[in-house]
Amino acid sequence: MERGSDKHNPRLDDQQKHETEGMIRGGGPTHVEEWKEPEALPASGEEYLRSYPPGHAPGTPDGITPQGVAVRSDLAKWLSDAHWPASKDDLERHAERADAPDAVADLVASLPDRRFRNVAEVAKALGLGMEKGRW
């Protein structure tokens, strides 16, 4: 008596056996389509070259320093959920309620007394620079 699935017919059992044979043997890729294959990692000591679409390469945008990017990131992390537009006092209270780090609280405390529409205006008021877009 031949063993097989009692839920499928013998033809379907043979088809499934054929489809999984590569996985069972482990001798190579199991996909027929090349695009489904994972890209090989670079060998030890080789540099991984990656291409990006125009305008999407990683790095610091023109018009702002790497330190400015880090500071803006911290400000956005702690202030982005504030109710905008917000005054300096509103932002100080928000930073205190959010238990923001002292560095962020000190930056907010150094802001001029006015209303801000968003984190970008806060960063500009702090002199962090603005990225120069190509749009």
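**Figure 1. Surroundings of leucine 91.** Setting aside neighbours within four places in sequence, leucine 91 is in contact with Leu79, Ala82, Trp84, Ala86, Val108, Leu111, Phe116 and Val122. Contact here means heavy atoms within 4.5 Å. The model shown in every view is predicted: local features need pLDDT of at least 70, side-chain atom pairs count only at pLDDT 80 or more, and totals for chains, interfaces and linings use all residues. Residues are numbered from 1 along each chain as its sequence is written, and side-chain values use heavy atoms, with hydrogens and water left out.

**Figure 2. The largest nonpolar core.** This core has 17 residues. Leu75, Leu79, Leu91, Leu111 and Val122 have the most contacts inside the core. A nonpolar core is a set of buried Ala, Val, Leu, Ile, Met, Phe, Trp, Tyr and Cys residues joined through side-chain atoms within 4.5 Å. Buried means under 20% relative accessible area, exposed means over 50%, and partly exposed lies in between (1.4 Å probe, protein chains only). At least two residues of the core come from each of H2, H3, H4 and helix H5 (119-125). Helices (H or I, at least four residues) and strands (E, at least two) are DSSP runs, numbered from the N terminus. In soluble globular proteins, nonpolar side chains tend to be buried together.

**Figure 3. Crossing of helices H2 and H4.** The axes of H2 and H4 cross at roughly 90° and come within 10 Å. H2 is therefore roughly perpendicular to H4. On the H2 side the contact is made by Val71, Asp74, Leu75, Trp78 and Leu79, and on the H4 side by Val104, Leu107 and Val108. Seven of the residues in this contact are nonpolar, none is polar and one is charged. Axes are lines fitted to C-alpha atoms, for helices over the stretch in contact, and angles run from 0 to 180 degrees between N-to-C directions. Angles under 35 degrees count as roughly parallel, over 145 as roughly antiparallel, 65 to 115 as roughly perpendicular and the rest as oblique. For residue classes, Ala, Val, Leu, Ile, Met, Phe, Trp, Tyr, Cys and Pro count as nonpolar, Asp, Glu, Lys and Arg as charged, and the others, Gly among them, as polar.

**Figure 4. Salt-bridge network of Asp90, Arg93 and Arg115.** These three residues are linked in a network of salt bridges. A salt bridge is a side-chain nitrogen of Lys or Arg within 4 Å of a carboxyl oxygen of Asp or Glu, and the structure holds five. Between arginine 93 and aspartate 90 the closest N and O atoms are 2.6 Å apart. Both residues of this pair lie in helix H3, three residues apart, about one turn of the helix. Between arginine 115 and aspartate 90 the closest N and O atoms are 3.9 Å apart. This second pair links distant parts of the chain, with arginine 115 in strand S2 (residues 115-116) and aspartate 90 in helix H3, 25 residues apart. Arginine 93 is partly exposed at 44% relative accessible area, aspartate 90 is partly exposed at 26%, and arginine 115 is partly exposed at 48%.

**Figure 5. Glutamate 121 and its partner arginine 117.** Glutamate 121 is found in helix H5. The salt bridge of arginine 117 with glutamate 121 has its closest N and O atoms 2.5 Å apart. Arginine 117 counts as exposed, at 60% relative accessibility, whereas glutamate 121 counts as buried, at 15%. Not counting residues up to four places away in sequence, glutamate 121 touches Arg114, Arg115 and Phe116. Side chains of opposite charge can pair when their charged atoms come close.

**Figure 6. Backbone at proline 85 and aspartate 99.** The peptide bond from tryptophan 84 to proline 85 is cis, with omega near -5°. Proline 85 is found in the loop between helix H2 (66-79) and strand S1 (86-87). Aspartate 99 has a positive phi, near 60°. The loop that holds aspartate 99 runs between helix H3 (88-97) and helix H4 (102-109). With 63% relative accessibility, aspartate 99 counts as exposed. Most residues other than glycine have a negative phi, and most peptide bonds are trans.

**Figure 7. Proline 112 in the loop between H4 and S2.** Proline 112 lies in this loop and is partly exposed, at 36% relative accessibility. Leaving aside neighbours within four places in sequence, proline 112 is in contact with Lys88 and Ala125. Proline 112 and leucine 126 are 14 residues apart in sequence, with a C-alpha to C-alpha distance of 8.8 Å.
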